[in-house]
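Dear colleague,

I am passing on to you the structure we spoke about, with its sequence, so that you can look through it before reading my notes. Please keep it open beside this message.

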Amino acid sequence: MSKTPLASVLSLAQLLEQQSPTPLPCLVEPGLLPAQGILFVGGEPKVGKSLLVANLALSLAAGSDRLGFPITKPCRVLVCQFELPIPQFVSRLATMRRAMGKAADLNLFVDTRATGNLLSAPQGLQHFLAAARAAAAEIIILDPLYSTHDQDENDTRAMAALCQSLLRLREASHAALIVVHHVRKSIGRYEIGSAFRGSSALHAVGDSYVLLTRPSPQCSTVELRFQFRYAAPQPPRLLQLDSAELWFSTSGEPLKPAVATDRRKAKPADVRQALTELGAQARYNQLRQQIMTLAECSKRTAQLAIAAACQQGSIVQADGQYCLPD
């Protein structure tokens, strides 16, 4: 006798009976990694994304707080990484492990056959699901995302299809996902979630976004910036890497951007002086540049000063040249 399939459309009363109305606690507070959530970690090349995520994987497996974020309990973590050969990756984990002992040993798992499997293909999705079930994983790490697919990341439809594969992996495994992904080549100072490649599609599935940037090429620290869907904003923080232990640690609050000092307001007298220094006559662009240099003002301010000087009769225009009045 065949079993009656479970109903997929439920009333509110049935939902309340089957599931607790209280949401599950976040795996990393406050709101960094919700239970069965998706966290995207991004940054420029060679800034330390994979090291940071490996730190997080060990901390989650050990149940130990990291970088000021409370970790609620030890979790079973499956790492699917595609950039390092397995011996080199194990060596990296062994280096990090020295700082914490055996606390993560039984909860951290590595998919040694992840390379070559594409999340965007049914067979590849089944591979990752089988690995997650073998580890009884509560968290799956994909590092980096571009190695899990063969889609055009500039194609919104292709990225939307890839995001559906991420959702299927999450739903079938009942695990949270931590996804390492690249950012666009040119990003704004305050961009976070929108800085990721294919961001319009990623915004539909991500719960949290972490961006790792280097404030300046000469700076040894990196800055961590956050964007959460379901939690209050977190201020940025600076991190310092211990190159011997391969662990990041907090290094204080980021410096606030310097407030630009107000430039001088150019006056008609500055226009007359600039014109005098140019030999009593000059073309518009030449005069404007001389005013900007003399008054240390912006192009717009110099333009307004020329217009005001003309209106007051301090200078006159004739045949495309500006000159002092007779």
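Predicted model: local features only at pLDDT ≥ 70, side-chain atom pairs only at ≥ 80, totals over all residues.

I would begin with strand β5, where 7 of the 7 residues are buried, so that the strand is largely enclosed by the rest of the structure. Both of its faces are covered, with Ala176, Ile178, Val180 and His182 buried on one side, and Leu177, Val179 and His181 buried on the other. In a regular strand, side chains alternate between the two faces of the sheet. Strand β1, which covers residues 38-43, runs parallel to β5 and is joined to it by 6 bridges, and within this pairing Phe40 stands opposite Val179. Strand β4 also pairs with β5 in the parallel sense, over 4 bridges, and here Ile140 has Leu177 as its bridge partner.

A separate group of strands forms an open sheet of 3 strands in the order β10-β12-β11, with antiparallel pairing. The edges are taken by β10 (281-282) and β11 (316-318), each of which has a single partner strand, so one side of each is left without a neighbour in the sheet. Between β11 and β12 (residues 321-323) there are 3 bridges, and the two strands run antiparallel; in this pair, Ala318 is found opposite Gln321 of β12.

Turning to the helices, α9 spans residues 299-312, which makes 14 residues, and it reaches 20 Å from its first C-alpha to its last, close to the 20 Å expected at 1.5 Å a residue. Its buried residues are Thr301, Ala302, Ala305, Ile306 and Ala309. Seen down the axis of α9, these buried residues fall within an arc of 140°, so they line one face of the helix, whereas Arg300 and Gln311 are exposed on the other side of α9.

As for charged pairs, the structure holds 5 salt bridges, and I describe some of them here. Arg197 forms a salt bridge with Glu153, with the closest N and O atoms 2.6 Å apart. Because Arg197 lies in the loop between β5 (176-182) and α6 (199-202), and Glu153 in the loop between β4 (139-143) and α5 (156-173), the pair ties together parts that are 44 residues apart in sequence. Arg197 is partly exposed, with a relative accessible area of 28%, while Glu153 counts as buried at 10% relative accessibility.

Asp105 forms a salt bridge with Arg97, the closest N and O atoms being 2.7 Å apart. Asp105 counts as partly exposed at 35% relative accessibility, and Arg97 likewise counts as partly exposed, at 32%. In the salt bridge between Arg225 and Glu223, the closest N and O atoms are 3.5 Å apart; Arg225 counts as buried at 6% relative accessibility, and Glu223 counts as buried at 5%.

With kind regards

How values were computed. Residues numbered from 1 in each chain as written. Heavy atoms only, no water. Pairing = 2+ DSSP bridges. Expected span 1.5 Å × (residues − 1). Buried < 20%, exposed > 50% of the residue type's maximum accessible area, 1.4 Å probe, protein only. Arc of directions from axis to C-beta. Salt bridge = Lys/Arg side-chain N within 4 Å of Asp/Glu carboxyl O.
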